[in-house]
Structures are given as C-alpha cells and as structure tokens.
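The sequence and the model are shown here.

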Amino acid sequence: MAPYLEDGRTRGAAFQRPFGYDCRLGPRLQAKLAMWLDEGPAAHGWADDQVWTAARVRTLIGQKFHLSYSVSGVTRLLHRMGYSVQMPARPAAERDEGAITVWREVTWQEVKPSGRRPARSSASRTKRA
C-alpha cells in the first residue's frame with residue numbers, strides 16, 4: 001500500500017478534519033436566526049432603536065437556542081452567515097452640534113497635550129545624545 005494518494009496527500013492527511021471548532025448552530029438553526037434578524041430588534045423586545053448589535057444577537061441566541069456565545073463568536077458567526085457591519089445612514093437625532101463645537105473650542109483646548117516634542121535623547125546606556 002502506497003503512503004501517498006494520487007493528489008499527493010499522505011493517507012493520514014486524507015482523513016483529518018480541518019482545525020477549529022464546528023459551529024454550534026447548524027444550517028437549519030442559522031436559517032431560523034436569519035429569519036429572526038430580518039424581523040428586526042423591535043420584534044424581539046428592543047423597541048428603543050432598530051439596530052442589531054453583536055450583544056443583542058448574542059442575547060437572542062441565548063433566549064431562543066439556549067446556547068452561550070461570546071460577542072466575538074457572534075460577530076464571526078454573522079460574518080459566516082453573510083452579514084456585515086453597518087454604519088448608520090444619517091447622524092443620530094440626539095446629536096447637538098452646538099455642544100460639540102463648544103466642547104472642541106473650550107474643553108479640548110484645556111485637556112489636549114501641549115504638542116512639544118520630548119528632548120533629544122539616546123537609547124544607549126553608554127553614549128549620551
């Protein structure tokens with residue numbers, strides 16, 4: 001029996017699975033999750049805005065499937081399902097341009113770094129700058 005297969009892999013490599021964990025939500029459960037995501041956050045108790053966050057999706061998965069995911073695990077799952085990060089199309093209604101301008105002109109001027117560069121120095125212990 002030859003140690004290599006026709007495609008050049010060793011016999012042991014032909015039967016190895018890929019590294020990493022299997023997704024705990026199979027295709028059928030992912031389809032259910034996609035359906036719930038399409039319904040929107042208000043349909044699942046978040047009436048304050050219509051934004052799905054990774055933390056909200058994590059909570060939804062926990063409530064519906066009784067599975068615990070980390071927030072980063074949810075973002076990877078959503079990426080595998082074809083979802084991407086979305087930015088709002090318009091600024092928030094609560095945004096106060098006047099307060100932002102005052103903060104930039106008054107508060108930021110008080111707290112920002114001076115902009116002076118540090119004195120010239122040397123990293124060497126034996127040779128001074």
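The model is predicted: local features need pLDDT of at least 70, side-chain atom pairs count only at pLDDT 80 or more, and totals for chains, interfaces and linings use all residues. Residues are numbered from 1 along each chain as its sequence is written, and side-chain values use heavy atoms, with hydrogens and water left out.

The largest nonpolar core has 13 residues, and L25, L33, I61 and V74 have the most contacts inside it. A nonpolar core is a set of buried Ala, Val, Leu, Ile, Met, Phe, Trp, Tyr and Cys residues joined through side-chain atoms within 4.5 Å. At least two residues of this core come from each of helix 2 (27-39), helix 3 and helix 4 (71-80). Helix 3 gives the most, with five residues. Helices are DSSP runs of H or I, at least four residues, numbered from the N terminus.

F65 lies in helix 3 (residues 54-65). The C-alpha atoms of F65 and L29 are separated by 8.4 Å, although the two are 36 residues apart along the chain.

| Residue | Touches |
|---|---|
| F65 | L25, L29, K32, L33 and W36 |
| L33 | L25, L60, I61, F65, L77 and M81 |

Buried means under 20% relative accessible area, exposed over 50%, and partly exposed in between (1.4 Å probe, protein chains only).

Note on methods:
Contact means heavy atoms within 4.5 Å. Lists of a residue's contacts leave out its neighbours within four places in sequence.
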